[in-house]
Amino acid sequence: MLRIADKALATPVLLAPMAGITDLPFRNVVASFGAGLVVSEMVASQEMVQAKPSARGKAELGLGAESTAVQLAGCDAQWMAEAARVVADQGARIIDINMGCPAKKVVSGSGSGASGSALMRDPDHALRLIEAVVGAVDVPVTLKMRLGWDHDCLNAPELARRAEAAGVAMVTVHGRTRCQFYTGAADWVAISDIVAAVNIPVIANGDIVDGTTARKAVAQSGAAGVMIGRGARGRPWVLAEVAAAMGQGTAPLVPQGAALADLVAGHYEAMLGFYGGDLGLRVARKHLGWYMDAAGTGDRLRRAVLTARTPAVVLEHLPEAMEARAMDARAAA
């Protein structure tokens with residue numbers, strides 16, 4: 001069983017934090033199928049403290065949820081420590097430190113300063129941030145990073161060792177460098193160097209989309225579990241499928257046809273309730289597009305759903321839009 005300090009996870013399959021994607025409605029849908037841990041969208045530490053999060057902000061972070069980690073980003077130890085105290089005081093069960101985001105606005109200093117994977121270029125500074133967060137809270141602290149900044153700076157094993165010594169309870173490693181962004185293939189073998197460097201659990205991340213890739217990632221890396229990001233878009237059940245493929249639990253019944261339409265409608269209505277009608281209509285389109293990718297929806301219905309100007313029209317089209325793959329399955333039977 002995978003443990004983060006004294007917390008046992010139901011499965012060794014985790015949902016990655018993804019900006020603009022892993023909001024509360026999506027995390028709730030994923031969790032409904034089963035996940036060892038879901039991680040909030042990255043939160044800029046200074047902005048969060050200065051903004052004094054609202055009640056909605058607290059809900060968005062999933063504060064108090066047993067299987068949710070809150071991810072913080074930043075470049076200043078004081079702000080990182082204060083943000084950690086704020087979310088811990090409000091109920092966060094696990095705090096994750098982001099040292100893996102490759103986005104230019106994060107690593108270049110916009111908003112939260114030179115943070116994310118830029119911190120891997122300066123392990124001493126990265127360690128100061130880690131020590132500040134660990135020292136500020138009593139809840140477990142985890143770390144997400146990449147293999148390094150580029151192939152001339154593959155320092156993840158060193159940073160992982162120092163993070164463990166500072167009190168970090170788990171490390172997740174995306175098997176690419178920052179300069180690779182999401183190009184090429186994730187190097188799961190390289191993650192084995194981090195596994196060998198520490199005694200805490202190491203989670204493999206990158207290009208894991210199903211049971212087959214999950215088993216290969218674990219076999220090549222020796223990791224204690226896997227984290228799935230882009231592979232969960234439009235397929236919130238995939239974490240449970242992967243867990244079953246790894247011998248953890250029963251495979252979920254993948255919804256098709258009317259069952260899929262009901263699931264998508266519920267997710268859609270949750271987004272409208274969370275964001276409000278106008279913003280929710282726009283924010284939900286990417287999720288609807290991913291669901292239609294999974295369902296094999298035709299171009300005509302896809303356009304109708306994604307260009308709809310009212311939620312009522314979207315909901316009217318969903319049953320037919322989600323039926324395509326179910327019809328194919330019945331035809332092949």
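Two rings of Phe, Tyr or Trp count as an aromatic pair if their centres lie within 6.5 Å. This predicted model holds two such pairs. It also has seven salt bridges.

**Aromatic pairs**

- The structure holds two aromatic pairs. In one of them, the ring centres of Phe33 and Trp237 are 6.1 Å apart. Their planes stand at 70°, so the pair is edge-to-face.
- Phe33 belongs to helix 1 (residues 24–33), while Trp237 sits in the loop between strand 11 (225–228) and helix 10 (238–245). The pair therefore ties together parts that are 204 residues apart in sequence.
- Trp237 is buried, at 6% relative accessible area. Phe33 is partly exposed, at 24%.
- Phe274 and Tyr275 also pair edge-to-face, because their planes meet at 90°. Their ring centres are 5.1 Å apart.
- Phe274 is buried, with a relative accessible area of 15%. Tyr275 counts as buried too, at 17%.

**Arginines over rings**

- Arg121 lies over the face of Trp149, 3.9 Å from the ring centre.
- Arg146 lies over the face of Tyr182, 5.0 Å from the ring centre.

**Salt bridges**

- The count comes to seven salt bridges. One of them joins the side chains of Glu158 and Arg162, at 3.5 Å from N to O.
- Glu158 and Arg162 both lie in helix 7. They are four residues apart, about one turn of the helix. An α-helix has 3.6 residues a turn, so residues three or four places apart point the same way.
- Glu158 is partly exposed at 31% relative accessibility. Arg162 is partly exposed as well, at 25%.
- Arg230 and Asp207 meet in a salt bridge at 3.8 Å, N to O. Arg230 is in the loop between strand 11 and helix 10, and Asp207 in the loop between strand 10 and helix 9, so the bridge ties together parts that are 23 residues apart in sequence.
- Arg230 is partly exposed, at 35% relative accessible area. Asp207 is partly exposed, at 29%.
- Arg300 bridges to Glu320, with the closest N and O atoms 3.1 Å apart. This pair links distant parts of the chain, 20 residues apart: Arg300 is in helix 13 (residues 299–306) and Glu320 in helix 14 (residues 311–321).
- Arg300 is exposed, at 52% relative accessible area. Glu320 counts as partly exposed, at 46%.
- Asp124, Glu158 and Arg162 form one network, joined by salt bridges that share partners.

**Helix 8**

- Helix 8 spans residues 188–197. Its residues Trp188, Ala190, Ile191, Ile194 and Ala197 are buried. These residues lie on the same side of helix 8, because they cover an arc of only 145° around the axis.
- The cover over the buried residues includes strand 8 (141–146), helix 7 (156–166), strand 9 (170–174), strand 10 (202–205) and helix 9 (211–221).
- At the start of helix 8, a side-chain oxygen of Asp187 comes within 3.2 Å of the backbone nitrogen of Val189.

**Ser40**

- Ser40 lies in the loop between strand 4 (37–39) and strand 5 (43–44). Ser40 counts as buried because its relative accessibility is 1%, and the cut-off for buried is under 20%.
- The side chain of Ser40 reaches the backbone nitrogen of Gln71 at 3.1 Å.
- Leaving aside residues up to four places away in sequence, Ser40 touches Pro17, Thr22, Arg27, Leu61, Ala69, Val70 and Gln71.

Key: Residues are numbered from 1 along each chain as its sequence is written. This is a predicted model: local features need pLDDT of at least 70, side-chain atom pairs count only at pLDDT 80 or more; totals for chains, interfaces and linings use all residues. Side-chain values use heavy atoms; hydrogens and water are left out. Buried means under 20% relative accessible area, exposed over 50%, partly exposed in between (1.4 Å probe, protein chains only). Helices (H or I, at least four residues) and strands (E, at least two) are DSSP runs, numbered from the N terminus. The arc is that of the directions from the helix axis to the C-beta atoms. Contact means heavy atoms within 4.5 Å. A polar contact is a pair of N or O atoms within 3.5 Å; within protein, one must be able to donate a hydrogen and the other to accept it, and residues adjacent in sequence count only if both atoms are side-chain atoms. Rings of Phe, Tyr and Trp (its six-membered ring) pair if their centres lie within 6.5 Å; planes under 30 degrees apart count as stacked, over 60 as edge-to-face and the rest as tilted. A charge sits over a ring if NZ of Lys or CZ of Arg is within 6 Å of the ring centre and within 35 degrees of the ring normal. A salt bridge is a side-chain nitrogen of Lys or Arg within 4 Å of a carboxyl oxygen of Asp or Glu.
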